[in-house]
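Keep the structure open as you read.

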Amino acid sequence: MTKAIRCFSNGGPEVMEYIDVEVGEPGAGEARVRHHAIGLNYIDVYFRTGLYPQPFPAGLGMEGAGVIEAVGPDVTHVKPGDRVAYACRPPGAYADVRVMPAGSLVKLPDAISFETAAAMMLQGLTVQYLFHRTFPLKGGETILFHAAAGGVGLIACQWARALGVTMIGTVGSDEKGQLAKAHGCTHVINYNKENFVERVKEITGGKGVPVVYDSIGKDTFLGSLDCLAPLGTMVSYGSASGPVPPFSLNELASRGSLFVTRPTLFTYAAQRSDLEAMAADLFRMVDSGKVKIEINQRYALKDVQQAHRDLESRKTTGSTILLRSEEHTS
């Protein structure tokens, strides 16, 4: 038996139960991983609340790092004893040990710790595809990035600086603004004090930006469109404030023939070759020191309810990880 978090219904943090579970042997295409650290991400809230439905009893967690204990008979790219990390479906990372699809695992370089890997795989791979594939940044652009002090945001601040990109970031407090600036965000807008559309227009001399990266969703969507220059691209990759409501395509035409996309990491990383290339790029950025992963919150796995409360109330900054009880106390 091992410990894991399971949900038997959708709802608030209280539906997550810390229970004993049986973990069997890996089958074809699978591996058994003993976690050393587990990532906490806002997508976990979407699964817990039912915004992203899944059958019960349900696991949670898309990201982790640890050591392979066993592999299925046809798995050759990883072996027992390998240090690995992942960000993938199906949910189930909130566990001491899990059996999972081996195709989603990448070998972890010795220079990167388990905690760093668990804190960066989903968020770092997200920035990688947003900046290099969804709207490829070449350097010299001015962009708008919402939630600049969050886990994805702080990685984006540093990555943008490394690319020579001027980043305008929105935050919810002056403290978060200072954090974003310290990580490379050029201009910071506190949306609780300023109108972010007006400030973006001021900063860009009325031109707007070629791309907006928006994980907030409902509360910022139309305002984000107003920040775009003609032929600009709206990248809506999350829904922290709720899903974007239906809108008329005329909203895009009237603002200058805009483009809108709703990407997910799991589509961009679906092919093994793409996943390996994306992970290698992320590992290079972290190993070079150009991107430093900020782990600002650590919780024991059994305290995951509090971790979710803090995440949803926007008390967290940077990355948050969960640790097995023995890891947390060591």
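A disulfide is a covalent bond between the sulfur atoms of two cysteines. To count as one here, a pair of cysteine sulfur atoms must lie within 2.5 Å. This is a predicted model, and a search of the whole structure turns up zero disulfides. Take Cys88, for example: its nearest cysteine sulfur, in Cys7, is 17 Å away. Cys88 is also buried, with a relative accessible area of 4%. What about Cys185? Its closest cysteine sulfur belongs to Cys157 and sits 4.4 Å away, which is too far for a bond. Cys185 is buried as well, at 4% relative accessibility.

Now for the charges. Side chains of opposite charge can pair when their charged atoms come close. The count here comes to 17 salt bridges. One of them joins Arg133 and Asp274, at 3.7 Å from N to O. Arg133 belongs to helix H2 and Asp274 to helix H9, so this pair ties together parts that are 141 residues apart in sequence. In another salt bridge, Arg272 meets Glu276 at 2.9 Å. These two are four residues apart in helix H9, so about one helical turn separates them. Salt bridges with shared partners also join Glu25, Arg32, Arg34 and Glu69 into one network.

Finally, look at the surface, where Phe247, Leu249 and Val260 form a nonpolar patch with about 270 Å² of accessible area together. Phe247 lies in the loop between strand S12 and helix H7, and Phe247 is partly exposed, at 32% relative accessible area.

Note on methods:
Residues numbered from 1 in each chain as written. Predicted model: local features only at pLDDT ≥ 70, side-chain atom pairs only at ≥ 80, totals over all residues. Heavy atoms only, no water. Patch = residues over 30% accessible without salt bridge, like charges linked within 9 Å, V, L, I, M, F, W, Y side chains within 5 Å. Areas by Shrake-Rupley, 256 points an atom, 1.4 Å probe, with all protein chains shown as cover. Salt bridge = Lys/Arg side-chain N within 4 Å of Asp/Glu carboxyl O. Buried < 20%, exposed > 50% of the residue type's maximum accessible area, 1.4 Å probe, protein only.
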